[in-house]
Amino acid sequence: MNIILLGPPGAGKGTQARILVDKRDMVQLSTGDMLRAARTSGTVMGKTVAGVMDRGELVTDEIVIGLIREQLEDTSHAGGFIFDGFPRTLAQADALGKLLAEMGHTLDCVIEMQVDDDALVARITARSTCANCGEVYNDNTKPVPATAKCTSCGEAAEFTRRADDNQESLKTRLLAYYKQTSPLIGYYYAKGDLTSVDGLASMETVAADIKGALG
Ligand code: ADP
Ligand code: ZN
């Protein structure tokens, strides 16, 4: 089964993707994570995209489609792919459709995670991540334990905030979402692939709703 998690920044796509990976043997393909990895390892591409990402703008279609193509070619299919943060433009959506078709795969479901804008801003500015395992924390709803040991991997890791998780970049990321990504909701609705879930519900409820949608 191949699915897309679609929604604004902070909707909880990464969190739900991790749950699906654990439960269903699926492979998470997050272009945001791939781009951050390229920056950390200091590749030419990583250097090219750094400023764009920190401002909250979209990286070029060419770069992210290239990353997804590479991963689709290199990764064994397992229980299927979860596309997280990709596609983000109509050109990316078309490219993904072609890539999957070439490989003899289908797209089974697009899950739209709906969250209102005030909640997104509150979530994102309170967010931090375990540098060791990627577990996501929130200052208000799921704070880093007083022991500073990660509840997921048990390490006394660093808990880092993303460079683009600030008010200014967030404004740009939201604008990019409404201008460039939200048209995908209509695109996949028209294709008959779309299911919408309430992303404001608890993590467990959202997970159950997604499970229901996937069958
Ligand atoms: P979020 O959904 O929380 O904004 P991501 O981790 O998905 O964050 O993406 C972080 C940044 O990486 C984006 O703001 C953008 O600059 C870049 N990026 C990630 N995926 C894409 C994509 N599919 N197309 C263009 N840019 C992307
Ligand atoms: Zn951890």
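Q: How many aromatic pairs does a search of the whole structure find?
A: Four aromatic pairs turn up. Keep in mind that this is a predicted model.

Q: How are F81 and F83 arranged as a pair?
A: They are tilted. The ring centres of F81 and F83 lie 6.1 Å apart, with 45° between the planes.

Q: Are F81 and F83 buried or exposed?
A: F81 is buried, and F83 is buried too.

Q: What about Y177 and Y178, how do they pair?
A: Edge-to-face. Their centres are 5.4 Å apart, and the planes make an angle of 75°.

Q: Why does Y177 count as buried?
A: Because its relative accessibility is 7%, and buried means under 20%.

Q: And why is Y178 put down as partly exposed?
A: Because Y178 has 41% relative accessibility.

Q: New topic. What lies over the face of Y137?
A: K142 does, at 5.2 Å from the ring centre.

Q: On to the metal. Which residues are the protein donors of the zinc ion (ligand 2)?
A: C130, C133, C150 and C153, each through SG. They lie 2.3 to 2.4 Å from the zinc ion.

Q: What is the geometry of that site?
A: Tetrahedral. The angles among the four donor atoms are 107 to 112°.

Q: What spacing do the donors follow along the chain?
A: The spacing is C-x2-C-x16-C-x2-C.

Q: Is C130 buried or exposed?
A: Buried, because its relative accessible area is 2%. C133 has 24%, so C133 is partly exposed.

Conventions. Residues are numbered from 1 along each chain as its sequence is written. Chains are lettered from A and ligands numbered from 1 in the order in which they are written. This is a predicted model: local features need pLDDT of at least 70, side-chain atom pairs count only at pLDDT 80 or more; totals for chains, interfaces and linings use all residues. Side-chain values use heavy atoms; hydrogens and water are left out. Rings of Phe, Tyr and Trp (its six-membered ring) pair if their centres lie within 6.5 Å; planes under 30 degrees apart count as stacked, over 60 as edge-to-face and the rest as tilted. Buried means under 20% relative accessible area, exposed over 50%, partly exposed in between (1.4 Å probe, protein chains only). A charge sits over a ring if NZ of Lys or CZ of Arg is within 6 Å of the ring centre and within 35 degrees of the ring normal. Donors are N, O and S atoms within 2.8 Å of the metal (3.2 Å for Na, K and Ca); water is not among the atoms, so sites may look incomplete. Four donors count as tetrahedral if all angles lie between 85 and 135 degrees; four count as square planar and six as octahedral if opposite donors are over 155 degrees apart and all others between 65 and 115; anything else is irregular.
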